[in-house]
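Here are a few exercises to work through with the model open in your viewer. Try each task before you read its solution.

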Amino acid sequence: MATAATSFAELHRLHLALREVQQQLDRGPRQIRAREQLAAQAEADVAAKREELKTLRAAGERKSLELKTNEAKIEELKGKLNAAASNREYDIIRGQIDADTVANSVLQDEILEQLEKVDRVEKEIKEAEAEVEQKRAAATGFRERFEADSVGLSEQAEKLQAEIRGIESGLGGQVTEKYRRLVAAHGADALAPVENSVCGYCHVQITRQKQVQLNAGQVVFCSNCARLLYVSGK
Ligand SMILES: [Zn+2]
C-alpha cells in the first residue's frame with residue numbers, strides 16, 4: 001500500500017496535465033466555429049447592404065422617371081398656355097405649371113438625397129467586404145494553427161494516458177476499484193493533495209488519525225469530499 005499512496009501524487013499530476021491537453025483539444029473546434037460564425041455574420045451584413053443598395057437604386061430610377069414625365073407634362077402645358085382661349089383658362093394652365101414645377105423641385109432634391117445614400121451604402125459595402133476578408137482570414141489562420149497544434153496535443157494526450165495506465169497497473173486491487181470509480185466521477189479532481197492537514201480539494205481539515213495514516217503511506221480518502229488523498233510533495 002505504501003507504494004500505491006506515493007504514486008497518487010504522480011497520478012494526480014498526470015491527470016491534471018491530461019485534462020489541460022484535452023481541454024485545449026476540445027476548445028479548438030469551438031473557437032474555430034466561433035470565428036467562422038463571425039465571418040458568416042459579416043457576409044450576411046454585406047448581403048443585406050447589397051439588397052439595400054438595390055432598393056435605393058430602384059427608388060432613384062423611379063423618381064428620375066417621374067421627373068422626366070413631369071418635365072414633359074410642363075412642356076405640354078406651356079404649349080397649351082400659348083393657345084389659351086381665355087384669361088381664366090390661361091390662369092388655370094399657369095397654376096398647373098407652377099404646381100408641377102414645385103413638385104419637380106422637390107423630386108430633384110429627393111433624387112440628390114437618394115444619390116448621396118447610394119454613395120454612402122456603396123462605401124459601406126466596400127468596408128463590409130474588407131471585414132469579411134479579414135474575418136475569413138482570421139478563421140482560416142486559426143483553423144490551420146489548431147490543426148497543426150492538435151497533432152502534438154493528441155500525441156501528448158496518448159503519452160500521458162500511457163503513463164497513467166503504467167502507474168495504475170501498479171496499484172493494489174482494492175484501491176484500483178475505488179480509484180477508478182472516483183476518476184470516472186471526477187476526472188483529475190478524483191485526487192487531492194494534503195497540505196498542513198487540509199484537503200486540497202475541499203479545504204477541510206483532515207483528522208489527526210488520517211494524517212498519521214497518510215504519513216504511514218496508507219490509502220486515505222477525505223471524509224468531507226471523498227477524494228483520494230496524498231501527501232503534497234511526495
Ligand atoms: Zn476534501
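**Exercise 1.** Is Arg 57 buried, partly exposed or exposed, going by its relative accessible area?

*Solution.* Keep in mind that this is a predicted model. Start with the number: Arg 57 has a relative accessible area of 41%. Buried would need under 20% and exposed over 50%, so Arg 57 counts as partly exposed.

Next, look for its partner. Glu 122 forms a salt bridge with Arg 57, and the closest N and O atoms are 2.3 Å apart. Glu 122 sits in helix H2 and Arg 57 in helix H1, so this pair ties together parts that are 65 residues apart in sequence. Glu 122 is partly exposed too, at 28%.

**Exercise 2.** Work out which parts of the chain the salt bridge between Glu 43 and Arg 136 connects.

*Solution.* First check the contact: the closest N and O atoms of Glu 43 and Arg 136 are 3.2 Å apart. Then place the residues. Glu 43 belongs to helix H1 (residues 2–82) and Arg 136 to helix H2 (residues 87–168), so the bridge joins parts 93 residues apart in sequence. Finally, accessibility: Glu 43 comes out at 36%, which makes it partly exposed, and Arg 136 is also partly exposed, at 32%.

Now contrast that with Glu 51 and Lys 54, another salt bridge, with its closest N and O atoms 3.2 Å apart. Here both residues are in helix H1, 3 residues apart, so about one helical turn separates them. Glu 51 is partly exposed at 45%, whereas Lys 54 is exposed at 57%.

Glu 36, Arg 143 and Glu 147 are linked in a network of them.

**Exercise 3.** Find the donors of the zinc ion and decide what geometry they make.

*Solution.* Begin with the ligands: the SG atoms of Cys 199, Cys 202, Cys 222 and Cys 225 coordinate the zinc ion at 2.2 to 2.4 Å. Along the chain they follow the spacing C-x2-C-x19-C-x2-C. Then take the angles. The 4 donor atoms subtend 104 to 115°, so the arrangement is tetrahedral. As for burial, both Cys 199 and Cys 202 are buried.

**Exercise 4.** How is the protein divided into domains, and how far apart are their C-alpha centres?

*Solution.* Domain 1 covers 19–168 and domain 2 covers 172–234. Their C-alpha centres lie 61 Å apart.

Terms used:
Residues numbered from 1 in each chain as written. Predicted model: local features only at pLDDT ≥ 70, side-chain atom pairs only at ≥ 80, totals over all residues. Heavy atoms only, no water. Donors = N, O, S within 2.8 Å, 3.2 Å for Na, K, Ca; no water. Tetrahedral: all angles 85-135°; square planar, octahedral: opposite > 155°, others 65-115°. Buried < 20%, exposed > 50% of the residue type's maximum accessible area, 1.4 Å probe, protein only. Domains from an automatic or database assignment. Salt bridge = Lys/Arg side-chain N within 4 Å of Asp/Glu carboxyl O. Helix = DSSP H or I, 4+ residues; strand = E, 2+ residues; numbered from the N terminus.
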